[in-house]
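Colleague: Could we go through this structure together? I would like to begin with the contacts inside the chain.

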There are 2 protein chains.
Amino acid sequence: MASTLTLFPLSNYTFSTKDSQPEEDPSVAARLQRLQNQYEDFGMRRTAEGILVVHEHGHPHVLMLQIANAFFKLPGDYLRPGEDDAEGLKRRLSERLDPVEGSRPGEDWEIGDCLAQWWRPNFESFMYPYIPAHVTKPKECKSFYLVQMPPRKVLCVPKNFKLLAIPLFELYDNSVRYGPQLSAIAHFLSRYNFIYA
Amino acid sequence: MASTLTLFPLSNYTFSTKDSQPEEDPSVAARLQRLQNQYEDFGMRRTAEGILVVHEHGHPHVLMLQIANAFFKLPGDYLRPGEDDAEGLKRRLSERLDPVEGSRPGEDWEIGDCLAQWWRPNFESFMYPYIPAHVTKPKECKSFYLVQMPPRKVLCVPKNFKLLAIPLFELYDNSVRYGPQLSAIAHFLSRYNFIYA
């Protein structure tokens with residue numbers, strides 16, 4: 001039987017802002033070059049991103065960051081070499097979305113099931129939801145984790161980002177707008193039966 | 001962390017044939033009409049299908065039935081009203097793939113995680129990996145379950161079907177050939193780390 005997941009209404013959450021958090025890499029080329037440099041020192045990069053789900057009017061919505069009014073991304077980022085996935089993702093979620101003061105880092109982020117893994121076989125932008133045949137040394141593995149949202153929470157968003165709640169029906173079959181990874185989130189969540197609190 | 005799944009080589013399995021099993025509905029229209037008739041008597045239809053994974057040369061392959069050298073489908077079918085998902089899927093897998101004699105029905109089918117659910121909002125062919133907004137009474141829910149393959153097994157295929165092992169790289173991003181449900185299987189399996197036995 002499918003697992004259940006309790007969703008709380010978007011209006012339960014309080015949104016505030018904090019200082020901008022500039023991107024570490026100024027371009028895709030710079031990002032791939034840094035990936036290559038770090039691969040030589042530390043091996044495969046591990047990235048963890050969180051799928052935070054709320055509801056509006058009884059339909060699931062995923063919280064996504066938008067940068068420069070254009071690109072969408074999930075909260076989360078690459079982990080330190082040797083860092084535990086769940087601890088690293090809590091740290092990244094806290095950096096990005098917790099208020100600057102008054103909260104202990106990552107105190108109430110609850111990391112749930114691993115829902116997907118995306119593999120980067122080369123120092124290129126393509127990623128696949130499997131390790132392609134004949135690839136023995138992938139360069140990056142990005143994991144999507146379900147993040148179980150508490151009933152209420154303050155989310156504090158850097159000024160250079162927007163945090164948007166995107167409905168599943170908008171993501172599904174829409175890789176033109178959201179890319180192959182984010183548009184597949186409706187698939188990944190389909191294994192749950194939702195309870196709308 | 002991702003769960004692990006042990007895959008055995010395709011060559012571990014023995015394939016034989018048995019008598020044809022004609023389709024219950026002669027057309028899509030007939031199938032949807034029967035769905036509607038049964039909905040009036042029993043409510044939403046529940047269907048369970050199995051994702052059976054093996055490997056060839058260290059790449060995962062999914063076992064799929066092909067009908068009339070054209071359509072692909074997973075083994076499994078709709079369940080009886082009130083029937084347990086796992087028990088019903090074992091019964092369906094046994095009907096379709098167990099030898100006719102010498103095996104106790106469903107004896108060694110091991111039903112694992114629910115990987116996805118597809119919802120049919122109307123008596124039409126479209127299905128979605130979520131319940132569309134404003135739909136309160138879906139007409140069918142089709143669940144995909146991981147089926148954990150034993151190290152060795154005899155699979156006995158009705159003569160009007162072929163059983164094919166389709167690699168994940170063939171399914172991924174190939175809804176033109178496999179449709180939206182089957183082409184998404186690479187996504188659903190990406191939450192596992194595979195061990196190639």
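Colleague: Which residues does A:Leu189 touch, leaving aside those up to four places away in sequence?
Modeller: A:Leu189 touches A:Ile51, A:Val53, A:Val62, A:Leu115, A:Leu146, A:Leu168 and A:Phe194, where contact means heavy atoms within 4.5 Å. This is a predicted model, in which local features need pLDDT of at least 70 and side-chain atom pairs count only at pLDDT 80 or more, while totals for chains, interfaces and linings use all residues. Residues are numbered from 1 along each chain as its sequence is written, chains are lettered from A in the order in which they are written, and side-chain values use heavy atoms, without hydrogens and water.

Colleague: Turning to aromatics, how are B:Trp118 and B:Phe144 arranged?
Modeller: They form a tilted pair, 6.4 Å centre to centre with 55 degrees between the planes. Rings of Phe, Tyr and Trp (its six-membered ring) pair if their centres lie within 6.5 Å; planes under 30 degrees apart count as stacked, over 60 as edge-to-face and the rest as tilted.

Colleague: Are those two buried or exposed?
Modeller: Both B:Trp118 and B:Phe144 are buried (under 20% relative accessible area; exposed is over 50%, partly exposed in between, with a 1.4 Å probe and protein chains only).

Colleague: And what about B:Tyr128 and B:Tyr130?
Modeller: Their ring centres are 5.8 Å apart and their planes at 45 degrees, so this pair is tilted. B:Tyr128 is partly exposed at 24% relative accessible area, whereas B:Tyr130 is buried at 6%.

Colleague: Which residues form an aromatic cluster in chain A?
Modeller: A:Trp118, A:Phe144 and A:Phe188 form one.
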